[in-house]
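Here's a short tour for anyone opening this structure for the first time. Take a look, and then we'll walk through a few side chains together.

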Amino acid sequence: MTETTRALRRLGRPHARVRGLAVLLAGAGLALGAAAFGIALAPHLAAVLGAWLAIAAVLAAALLSVRLAAASAAALPLARASEGAAGAREGSVATLLVATRTAGASPALFEAADRHAAAIVDRAAPAVTRALARTTTGSVLAGALLAMVGATLFVVAAPGAGRAAGFWRPWRTIALARAPLRLAVDRSRVRRGEAVTATVTVPGSAGGRVTLWTRGPGEPWHPVIVPLDSVGRGVRRLGPL
């Protein structure tokens, strides 16, 4: 490794790490926001699956963005920035990143050029550091803001509430969505003028409502809205019959 490469890595490594952390913070905030959306709409199957797919996409994008953030403070961009900040000839630093000690070349001349390029980097370091700090600070503030907003939405969504179980166990939500709706009455034979209690069970539809259609002999069908409780069950008394 040349002296030029070492100088550029010392200059960029702290910013690459902090920018990567900022990207992870932003990704965590977006993932928490997606989770909050899924929890708020659970146990609706489309919302739960959509939230988990969004979380997976956010995490994959965050991992890719970490590499891009590190690349923004890599040696080659910093070499060009150092040339501009120091007023040096274009390529006087960047060339040393790809140059090698080829056969027949003078090692002394190569080392002299390496020391000269490293000196340019050191001379430009204050100006380049200020430019890097502005971008790095902006990245950290944006990442922290997204993380805070996502965490707030996640807490407000009440991840420990009963309906959240449909989000944390999506395989169970899928199974419930495919489960049959059930309608039962407390008795099949009644005397004229008596009533029956109808119980409707809709797995995976806690807090929703269903429409129960009823009719008597010679009458048209009549809709009745039946609210469902926290386990997806609704009860309606029908009568007198």
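## A buried ring to start with

Let's begin with Phe154, which is buried: its relative accessible area is 19%, and the cut-off for that label is under 20%. Keep in mind that this is a predicted model.

## Four aromatic pairs

How many aromatic pairs does the structure hold? The count comes to 4. One of them brings Trp52 and Trp168 together, with ring centres 6.4 Å apart and planes at 70°. Edge-to-face needs an angle over 60 degrees, so this pair of Trp52 and Trp168 is edge-to-face. Trp52 sits in helix H2 (residues 45-71) and Trp168 in helix H6 (residues 165-168), so the pair links distant parts of the chain, 116 residues apart.

Trp168 has another partner. Phe154 and Trp168 also form an aromatic pair, with 6.2 Å from centre to centre and 80° between the planes, and this pair is edge-to-face. Phe154 belongs to helix H5 (residues 107-156) while Trp168 belongs to helix H6, so the pair ties together parts that are 14 residues apart in sequence.

Now put the rings together. Which residues make up the aromatic cluster? Trp52, Phe154, Phe167 and Trp168 form one cluster.

## Three salt bridges

Charged side chains get their turn here. A search of the whole structure turns up 3 salt bridges.

Start with Glu3 and Arg6, whose closest N and O atoms are 3.1 Å apart in a salt bridge. Where do these two sit relative to each other? Both are in helix H1 (residues 3-41), and because they are 3 residues apart there, about one helical turn separates them. Glu3 is partly exposed, with a relative accessible area of 38%, and Arg6 is partly exposed at 35%.

Next come Glu194 and Arg187, whose side chains meet in a salt bridge at 3.4 Å, N to O. Glu194 has a relative accessible area of 27%, which makes it partly exposed. Arg187 is partly exposed as well, at 33%. Then there's Asp229, which forms a salt bridge with Arg233, the closest N and O atoms being 3.8 Å apart. Here Asp229 is partly exposed with 29% relative accessible area, and Arg233 is partly exposed with 43%.

## One more stop in helix H1

Helix H1 also contains Arg13. Its relative accessibility is 38%, so Arg13 counts as partly exposed. What separation do the C-alpha atoms of Arg13 and Ala70 have? They are 8.2 Å apart, even though Arg13 and Ala70 are 57 residues apart along the chain.

Note on methods:
Residues numbered from 1 in each chain as written. Heavy atoms only, no water. Phe/Tyr/Trp six-rings, centres within 6.5 Å; stacked < 30°, edge-to-face > 60°. Helix = DSSP H or I, 4+ residues; strand = E, 2+ residues; numbered from the N terminus. Buried < 20%, exposed > 50% of the residue type's maximum accessible area, 1.4 Å probe, protein only. Salt bridge = Lys/Arg side-chain N within 4 Å of Asp/Glu carboxyl O.
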